[in-house]
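Take a look at the sequence and the structure first, then read on.

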Amino acid sequence: MNYIEKILRHYKLILFFALAATILLAPWVRRGTIDNRMEENVLNDENLANYYDYLKTFGNDRILIAAFTYDKITAEMVRALYELEDAVNATGLVEEVISPVSILRNTFDLRDRESLEVWLKSEARLNNYVKKISSFQCMTGTIVSPEKNTASLLLRLSSEVTDMDTRKIGLLINLIEKAPYFAGRIKVTGIPTLTNVIHDYTAHDQKIFTPITMGIIMVILYILYRSFWGVVIPLIGIILPLIWTQAFFNINGNSTNFIVSMIPPLLLGIGLSACMYVFSRYCELSQGKERFDPSLVYQTVKELTAPTFLCQFSTIIGFASLGGNGMGAVRSFGLYASLGVLFTTYVSLFLVPSLILLFKPFNQRVTTFQVGHHIFRRLATFAIRKHKLIFLVNGMIFAIALYGISNLEMETSLIRFLPPDHEVIRKNQFVEKNLFGIVPVQLVLAYDPAGGANTLENTLLSSEICNSVSRLSADIR
């Protein structure tokens with residue numbers, strides 16, 4: 001009696017531990033959250049620390065951009081902007097609003113609607129103001145673009161609003177885009193809208209893609225085996241590694257992102273092939289049998305342990321190698337994908353045979369595809385006879401592949417993952433064409449004088465620092 005048979009003779013214990021683990025871990029499966037923030041998923045070490053320092057000092061860096069076209073800046077438009085800003089500020093979701101009206105409000109201390117109406121009575125005053133903001137370099141191309149007849153509101157979200165607060169971000173977008181005066185011609189975009197869309201895609205895939213994949217797998221299993229046990233036993237072996245992996249992922253406090261969300265379909269595919277491999281071989285051995293024979297189960301596992309282990313082990317090593325990646329999202333994907341494949345290996349070699357021993361199916365049908373057998377038989381014969389030619393062709397392909405690898409280009413823009421005609425892309429193109437790019441870059445200048453009197457020259461307003469900032473600004477432009 002070999003060691004495999006010794007283990008499988010205690011198949012009820014194997015099933016008990018699998019059932020207990022599933023019951024214990026199942027509540028954690030649905031406790032995951034979605035977080036597609038690039039900073040936590042991409043930055044590490046000093047860069048991430050600097051980013052957190054920025055947030056601690058200055059607050060949220062998330063900015064919504066609401067851009068709209070106009071024929072002329074009129075008193076009616078100023079009133080509408082004033083009301084929109086009041087409505088946005090009333091939500092408590094915005095830390096600061098910068099727009100043509102916010103500048104007007106702060107410059108002339110227009111704290112209420114009455115003071116605004118008094119100011120608007122003078123048309124000359126309004127025209128002079130429009131002329132001023134159209135000439136300020138820091139405002140043209142951002143707050144207002146006279147050449148393109150486009151203006152914008154920049155809304156810095158409050159620190160309590162994160163990328164995961166999709167409902168709050170959606171509320172702000174809906175409030176702005178349906179404002180009476182601007183409805184139909186104001187477009188809201190920015191990093192929050194992009195993460196909002198990616199969040200919705202990820203949540204949609206979680207709800208739809210995995211169940212659909214499970215349905216397709218059940219159809220495949222039925223076509224292949226045409227029996228109740230032929231569907232149920234492999235299906236259990238496919239589902240359990242997915243449950244265990246997802247539970248461990250959530251227990252460790254991880255959040256799902258658009259990279260990690262690929263783990264479930266990956267494990268379903270690997271699990272399907274591994275469990276079918278074992279179950280199909282048992283069905284082949286048990287065909288024509290009049291009663292259940294447990295020795296056929298032991299024989300199946302004995303035959304398949306080495307090839308299954310080698311195949312799965314190499315897959316585990318491949319995914320685990322991503323654990324050293326600097327990007328948190330890729331690192332999590334590699335580590336938990338390797339853990340899932342490890343669970344799949346255990347299930348296919350021990351749990352599936354234990355289920356066969358428990359339910360005792362025999363004389364199971366396996367659908368054979370004669371066309372496939374015929375094609376692969378001929379390919380195998382060709383490979384044996386023409387092995388030198390195959391080595392030569394593969395060497396040429398390898399050389400071409402090396403050249404292709406040297407020409408790979410990195411792409412980290414989330415927007416490139418969206419369909420080219422997506423609404424968010426159209427909004428971004430509108431803003432980029434008429435105003436500016438949507439991605440903010442923060443340059444933080446910290447100054448710690450080495451002592452001395454508390455004078456102007458010992459602050460960030462010293463002539464030396466101001467001149468340095470001025471030169472830096474010119475170089476950037």
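**Strand pairs, helices and cores**

Strands here are DSSP runs of E with at least two residues, helices are runs of H or I with at least four, and both are numbered from the N terminus. Keep in mind that this is a predicted model, where local features need pLDDT of at least 70, side-chain atom pairs count only at pLDDT 80 or more, and totals for chains, interfaces and linings use all residues. Residues are numbered from 1 along each chain as its sequence is written, and side-chain values use heavy atoms, with hydrogens and water left out.

**Around strand β4**

- Strand β4 (residues 150-157) has 7 of its 8 residues buried, so the rest of the structure largely encloses it. Buried means under 20% relative accessible area, exposed means over 50%, and partly exposed is in between (1.4 Å probe, protein chains only).
- β1 (residues 63-69) runs antiparallel to β4 and is joined to it by 7 bridges; two strands count as paired if DSSP finds at least two bridges between them.
- β2 (residues 94-98) is also antiparallel to β4, with 4 bridges, and Ile98 has Leu154 as its bridge partner there.
- β3 (residues 144-145) makes 2 bridges to β4, again antiparallel, with Ser145 standing opposite Thr150.
- The hairpin of β3 and β4 has 4 residues between the strands, and Asn149 takes a positive phi near 50° in it.

**Helix α7, two sides**

- Which residues of α7 (residues 113-120) are buried? They are Leu116, Trp119 and Leu120.
- Seen down the axis of α7, these buried residues fall within an arc of 95°, so they line one face of the helix; the arc is that of the directions from the helix axis to the C-beta atoms.
- An α-helix has 3.6 residues a turn, so residues three or four places apart point the same way.
- On the other side of α7, Glu114 and Val118 are exposed.
- The buried residues of α7 pack against α5 (75-90), α6 (100-107) and α8 (123-133), where contact means heavy atoms within 4.5 Å.
- At the start of α7, the backbone nitrogen of Glu114 has a side-chain oxygen of Asp112 within 3.3 Å.

**The nonpolar cores**

- The largest nonpolar core has 57 residues, and Leu221, Tyr225, Leu351 and Ile356 have the most contacts inside it. Such a core is a set of buried Ala, Val, Leu, Ile, Met, Phe, Trp, Tyr and Cys residues joined through side-chain atoms within 4.5 Å.
- Elements giving two or more residues to this core include α10, α11 and α14, and α14 provides the largest share, 13 residues.
- Another core, of 50 residues, lies apart from it, with Ala80, Leu93, Phe182 and Ile438 among its members.

**Single residues to look up**

- His199 sits in helix α10 (residues 191-225) and counts as buried because its relative accessibility is 14%. Leaving aside neighbours within four places in sequence, His199 is in contact with Ile34, Asn36 and Thr166.
- Arg226, in the loop between α10 and α11 (228-251), has a positive phi near 55° without being a glycine. Arg226 counts as partly exposed, at 42% relative accessibility.
- Lys360 lies in the loop between α14 (328-359) and α15 (370-385), and this non-glycine residue has a positive phi of about 55°.

How values were computed: Polar contact = N/O pair within 3.5 Å; in protein donor to acceptor, adjacent residues only side chain to side chain.
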